[in-house]
Structures are given as structure tokens and as C-alpha cells.
Amino acid sequence: MPPFGPPLAAEVPEGRVLLIGNSRSYANMLAAELRERLGLEVVTADSLAAAHDAMATGGTFFLALTGLVLPDAEPEQIIEALARKAVPMVVVTGVYDDSIRARMVNFPIIDYVLKEAPGTIEYLTWLVRRLERNRQITALVVDRSPGSRAHIAALLALYGFRVLQSADAAGALQVLDTDGAIRLVVLEHAVLDHAAQEQDDAGIDGIAFIQQVRLSHPRAMLSVIGVSSSADASQVARFLKNGGNDFLNKPFSREEFFCRISQNIDNLELIGTLQDLATRDYLTGLPNRRHFFELGYKALRGRNGPVAMAMLDVDHFKHVNDTYGHDAGDQALRAVATAIAVHARPQDVVARFGGEEFCLLVPGVSLAGAEVFFERLRESIASLQINVKHHTLRVTISIGVCHRSDGDLHALITEADRLLYLAKANGRNQVVCESQDTAAA
Ligand SMILES: Nc1nc2c(ncn2[C@@H]2O[C@H](COP(=O)(O)OP(=O)(O)OP(=O)(O)O)[C@@H](O)[C@H]2O)c(=O)[nH]1
């Protein structure tokens, strides 16, 4: 599962990169890196004419990496040609100084990279990967001033983000509640200063704003970056202590802004990856046993009403491994896991408990409802046709279901395990469902 939830695939065009430069050997080396390490399609051009051809016939590019020395064009002509086609660009050059930067300042250039510096290929690979991934991330800019809001929004759009904007804290909270894809908020600190003094229309002061954001959007899921031209050190500290991830003083250079934004998003992804490693089963992608207990307690906490807890075990799975091999066994486990996850409702908790054993917690279901629910699941797994090398496999599962009106998770699991043992002893490929609670029966 991707760290930031389902990608907005329909809105994101293909990841294609245009590489423009007069050195064929350098272009070929960089193109090979980007293809191999990132799986991206890369088109190379060694003149402005070739770049024009590529843009006319090669579809859209989300990024151009360009040199400034070409046989048929001045540096400005190359940059202008890309800007006219609205292709965001990174300049990869042998010479890079303040005068070049000053000449290029009004063009949509994300970054300048010195071609011959050590580590350049590594840096460019990171940068292209970052820009490619940004296209699946939504950012929100909160700023009272339309000019400054538009400037920051335009920079973020240049980095590939889908960008939303809000003029005040109350509006921003509303947008955050309704758009679950937002992973980055850039907040003009003056919004907070102003609000802190006067309270804005909805009565939200700046610190209350960030505290409220943090109630439902933890730091590990949403990066909030403050920007300001007037904040003093104590205001910056207050912002960070109350839940801000980072702070930037204005004026900042484009390169600094890009680095800070990228590092914050990199950190979110890293945390997401680490969380996934700790909580998900590597083979099936389902929550692992330890995470099941966390999710299960959360699902049961504070709720009244019946709950069904099921332990599910693939029948004669050793035989599958012995006959078709371990890889085929893995494939069968993935197919069973998918079938269980598809059958589960959003409020249910499913996990791979270990080996060929899964569990499924189903709150708010009657005993009769649980019997039907798990019988259908058993049937759907029995009817799976799992294609492995040269064979089509079929598997069955046995299910023990404990139904109760009180939800002590450990007691439910122990009881479901006992009922699973009965299902196995009775001949397998069946559901044994019992109520442990006379009132619920
Ligand atoms: N391919 C594969 N096999 C696994 C994995 N985890 C556990 N197993 C195998 O699952 C099999 C479980 O075998 P048993 O516990 O004897 O149970 P069974 O053969 O399913 O028989 P019953 O449960 O009694 O129906 C063992 O052969 C394990 O090696 C895995 O991740 N991949």
C-alpha cells in the first residue's frame, strides 16, 4: 500500500521526463539511471530543434532536465521554449552563478544542479523521484494575502503538487476535514498573528488552529509549515511546539523553499514506510498480529452491542506447499487474504494472524447475521481459482466464530480458536459459529 493512500491515478498523467543537453554520453548515463531506478520513460534531445520535436510528438512531460549550452540556441531560448509549453524544469549545468540565476529568475525553474559536482546523479535521481511522487500529493496554502498566496501556490504547483488554497484558518479547517488527500499545509504566519490578536470570523486563533488540526491530523500524516516575514524567535518556537513541522522566514530563495518542502514530504513518506514495516504483513499487506490487537481494541473501545470474532485457517496448507512449492503457497495465501479483505466491511478488522491463519473481527452483527456472513466468505474462498505456474489451485478454509455481546478481545480470540479447532476436527471446510452469550442467542 502506498504511504499516502490510494494514488489519484486518473488525474495524474504518465511519468515522462525530457532530457536536453549537448553531451550525449552524460544524457545517456542519466537517462539509464532514471529508467532503471525509477522506471520512468525518458526522452533525450541534443538540440533545441530535437527538444521541440519531442514536445510536439512525444506527448506531455512532467519535467525537463536541461543544460544551457546547445548548438542551436542561447540559454534563454531553451528556457523560454520549455516555459511556453509549461514544462517544469531543472537546469543541469556546468556553470552556475548569480548572474545566470538573476537572468532566469522569472522562469519556472525548480532547481539548478552543477553537472560535474560529486553526487550529482544521486541528487538528480532523488529529485526526479520526489517530483514524480509529488503529483499524487495535495497541498493546501493558507494565506490572507492573495498575492503571496498565489505565489506560494504557483511554486507548489511547479513542484507537481495538486494545490488548494484558503484565505483564512476557518476555511482551511473545513478543507482539511473534507479532503483526505492533503499531506502538506503551508501557512502564512500572519494569518496566525492577526487571528491571535483579533480572533478571526469563526473565533479560531492561530494556536487554536494548529491544535485543532492536530486532533485529527498527526504530525506523521500531515506536515504543517509556517512562513512569515515578521515572526520573532519566540513566535516560531510557539508555532513548532504547538504542532508545526517546520518554519521558514521570508524572504526565502526558491531553492531553500523547495528543499524544506521536499525534506518534510520525504520525512512523512519515511514515517509511513516505517509504520507499514511495523504494522503490515509483508506477504499479504494485511495488518499483522500485533497491529490487529491495537486495531481490535480501538474498534471495541466504548461500544456496546454484539460482536463476532473469527479465526480462519487454510485447510491442509502443508499439502499445498509440499505439492506445488512454497511460491505457489505464498500466492494462495495472498489470494485468500484478498478474498477476506474484500469480504470485510469498512468497520471490520482483518489481519494475518500468522502462517496460514487469519482473523476477522466483525462488530455490530447478530448471531444469525454472523453465520451467513462467514458462510458466504467460506464459499467465496472455496470457489477461488488460483493460477500458479502450470496449475490452477483451489483451497478451502475452516472458520471458528465466537459471537458475544461483550467484547473482551483476548477472551473472544481464545474462544474463536477453540471453535476453529472444532471445525477442523469435524472435517474442515466449514464454519462453527457459537454464541457465548445467552442474551444474544
Ligand atoms: N508458502 C507459505 N507457507 C507457509 C507460510 N507460513 C506458514 N506456512 C506453511 O503452512 C503450513 C501449515 O501446516 P499445518 O500447521 O501442518 O496445517 P495444515 O497443513 O494447514 O493442516 P490443517 O490446518 O490441519 O488443515 C506449514 O507447512 C507452513 O510451512 C508462508 O508464509 N508461506
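Me: Before we look at this predicted model, what does the angle between two helices refer to?

Reply: Axes are lines fitted to C-alpha atoms, for helices over the stretch in contact, and the angle is taken between N-to-C directions. Here, the axes of α1 (residues 24-38) and α5 (residues 120-134) come within 10 Å and cross at roughly 50°.

Me: Why is α1 called oblique to α5?

Reply: Under 35 degrees would count as roughly parallel, and 65 to 115 as roughly perpendicular. The crossing is at roughly 50°, so α1 is oblique to α5. As for its hand, the crossing of α1 and α5 is right-handed.

Me: What makes the contact between α1 and α5?

Reply: From α1 come Leu30, Glu33, Leu34, Arg37 and Leu38, and from α5 come Ile121, Leu124, Thr125, Val128, Arg129 and Glu132. Sorted by class, the residues of this contact are six nonpolar, one polar and four charged.

Me: And what surrounds the ligand?

Reply: There are 17 residues around the ligand, with Asp315, Phe317, Lys318, Gly329 and Gly355 the closest. Two or more residues each come from β11 (307-314), α13 (317-324) and α14 (326-343). By class, the shell has four nonpolar, six polar and seven charged residues.

Me: How do you know which stretch to treat with care?

Reply: The chain averages a pLDDT of 88, and 92% of the residues score at least 70. Over residues 1-12, though, the pLDDT is below 50. Where pLDDT is low, the predicted coordinates should not be read in detail. For the complex, the predictor gives an ipTM of 0.97 and a pTM of 0.68.

Technical notes: Residues numbered from 1 in each chain as written. Predicted model: local features only at pLDDT ≥ 70, side-chain atom pairs only at ≥ 80, totals over all residues. Axes fitted to C-alpha atoms, helices over the stretch in contact; angles between N-to-C directions. Helix = DSSP H or I, 4+ residues; strand = E, 2+ residues; numbered from the N terminus. Parallel < 35°, antiparallel > 145°, perpendicular 65-115°, else oblique. Left-handed = near helix turned anticlockwise from the far one by under 90°. Contact = placed C-beta atoms within 7 Å. Nonpolar A, V, L, I, M, F, W, Y, C, P; charged D, E, K, R; others polar. Near = placed C-beta within 6 Å. pLDDT = per-residue confidence, 0-100.
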